[in-house]
Amino acid sequence: MIGTGYVGLTTGVCFAHLGHHVICQDIDEKKIQKLKNNENVIYEPDLDAFIHNGLKSGNLEFTHDMAKAVQQSDIIFICVNTPPKPDGHADLKYVEQVARDIAKHMNGYKVIIDKSTVPIRTAEKVKETINKYSKGDFKFDIVSNPEFLREGHAVYDILHPNRIVIGVENARSRDMMLELYTSFQNTPIKITSIKSAELIKHGANTFLATKISFANLIAEVCESAGANAKEVLEAIGLDERIGKYFLNPGIGFGGSCFPKDIKAFKKTLEIFGINHSLIDSIEDINNRAVDRFIKKIEKELWVLDGKRIAVLGLAFKPNTDDIRNSPAIKIIDALKKEGAKICAHDPKAMEKAKEIFNDIDYADNFYECVRGCDALVLCTEWDEYKKIDFNELKKLLITPIIFDGRNIIDKKIASDNGFVYFGIGG
Ligand code: UGA
């Protein structure tokens, strides 16, 4: 596994758990040292225990040494990051560098797999690069095997996938991949062309982002017309062709995947001369979702200057410490600009948030967070926030006002307990 980010680390650790011998390589020496010592590098349920077991069994190794990783492996996964460039295109410089490094250290036949989320035709370029920089006459095959794991459920998703997609161009690499995935007997395995496999990943993420933006559009209509988005979307989702998942309105999607992947897909459409207004709309609605929420807070609290606001949840979603593109960050920024004083809490993401905001208060638990605040703003649907004790909360808040960006609090129960409640979608 080249690259020990969310995808490389969790996939490598799970393959070791399934009995394969896995070498995880990364250019970040400090991170490799931490991993060797079984120190936490990302928060992901079950990951630490799996790393511990992998190291103990000898199935899992961590190294900084690219030559060793390439030469001692038959199958090489490229799992490096593909960040967005200013124009939205995926920056493939790390993928190219890895392809060059593989070429330099090749010592026999290898199956080289694009696991990172990349635009269509990247595999072609990886193949060209390896051919260009290869010193010997070693054979290799390129495969596209996209990852569909969700942060916060990574280990579970890798071990219980909905489907495995393997894009290949010949039987030799196909058979090696099927052998690698031999323990997934009950999972549908789609063997496709390499280009199709590349497109499946961007297509799936764009579709999911479309569903979320559709839910947020319905929420907007409901707020304007006085309908209830929860009722509307639950009924829409009962149609099996539509399905109930990813139809929850809120303050918009964030994270490192959807925002980046839809931008990259938009670039792909642009390159092929295909109209991308669908993607523009998904992005617009997503930005409006958080902006509308901020406006609601500003309208209700009127003067923000000097008011103290409790922000519960900083991660872009629960069960992760990832705050990349988290709506909470945009909300805190906007409230701070108006002079509000923020006290924040998150079960896992406070350390990362401190790298961005060193001028706000952080509380160890959510009751401490709301003490002496003028309002509670909920940004992430952590389980512990679903068990709020309204009596306790009322004693601690100066004014009983809740802005619930994830619709996790029942509006009626909140009102019955004397709270002024603002959710999403009426
Ligand atoms: C997403 C996909 O779900 C994975 O299948 C994919 O492998 C991954 O991107 C990737 O490309 O690597 P992830 O970004 O970890 O996974 O998180 P999701 O659980 O999909 O949530 C994304 C965002 O959508 C979150 O901000 C979440 O709060 C938001 N969301 C989700 C909603 O606002 N409403 C919903 O109904 C569902």
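The model is predicted, so local features need pLDDT of at least 70 and side-chain atom pairs count only at pLDDT 80 or more, while totals for chains, interfaces and linings use all residues. Residues are numbered from 1 along each chain as its sequence is written, and side-chain values use heavy atoms, with hydrogens and water left out.

**Around the ligand**

- The shell around the ligand holds 20 residues, of which Phe-148, Leu-149, Glu-151, Lys-201 and Asn-205 come nearest; a residue is near a molecule if one of its heavy atoms lies within 4 Å of it.
- The shell divides into 10 nonpolar, three polar and seven charged residues, where Ala, Val, Leu, Ile, Met, Phe, Trp, Tyr, Cys and Pro count as nonpolar, Asp, Glu, Lys and Arg as charged, and the others, Gly among them, as polar.
- Helix H9 (194-225) and helix H11 (258-271) each supply at least two residues of this shell, and the largest share, four residues, comes from H9; helices (H or I, at least four residues) and strands (E, at least two) are DSSP runs, numbered from the N terminus.
- Because domain 1 (6-192) and domain 2 (202-284) both give residues to the shell, the ligand lies between them, with the domain bounds taken from an automatic or database domain assignment.
- An oxygen atom of the ligand is 2.9 Å from an N or O atom in the side chain of Lys-201, and a polar side-chain atom of Lys-317 likewise lies 2.9 Å from an oxygen atom of the ligand.
- Of the 720 Å² of accessible area that the ligand has on its own, the protein covers 91%, with areas from the Shrake-Rupley method and a 1.4 Å probe.

**Strand E1 and its partner**

- In strand E1 (residues 22-25), Val-22 and Cys-24 on one side and Ile-23 and Gln-25 on the other are all buried, meaning under 20% relative accessible area (1.4 Å probe, protein chains only).
- E1 pairs in the parallel sense with strand E2 (residues 60-63) over four bridges, pairing being assigned if DSSP finds at least two bridges between two strands.
- Within this pair, Cys-24 has Phe-62 in E2 as its bridge partner.

**A loop residue**

- Ser-73 lies in the loop between helix H4 (66-71) and strand E3 (75-78), and Ser-73 is buried, with a relative accessible area of 13%.
- The side chain of Ser-73 reaches the backbone oxygen of Ala-69 at 2.6 Å.

**The open sheet**

- Six strands form an open sheet in the order E10-E9-E8-E11-E12-E13, with parallel pairing.
- Strand E10 (361-362) and strand E13 (420-422) stand at the edges with a single partner strand each, so one side of each is left without a neighbour in the sheet.
- Strand E12 (residues 401-404) runs parallel to E13 and is joined to E13 by three bridges, with Phe-403 opposite Phe-422 in E13.

How values were computed. A polar contact is a pair of N or O atoms within 3.5 Å; within protein, one must be able to donate a hydrogen and the other to accept it, and residues adjacent in sequence count only if both atoms are side-chain atoms. Buried means under 20% relative accessible area, exposed over 50%, partly exposed in between (1.4 Å probe, protein chains only).
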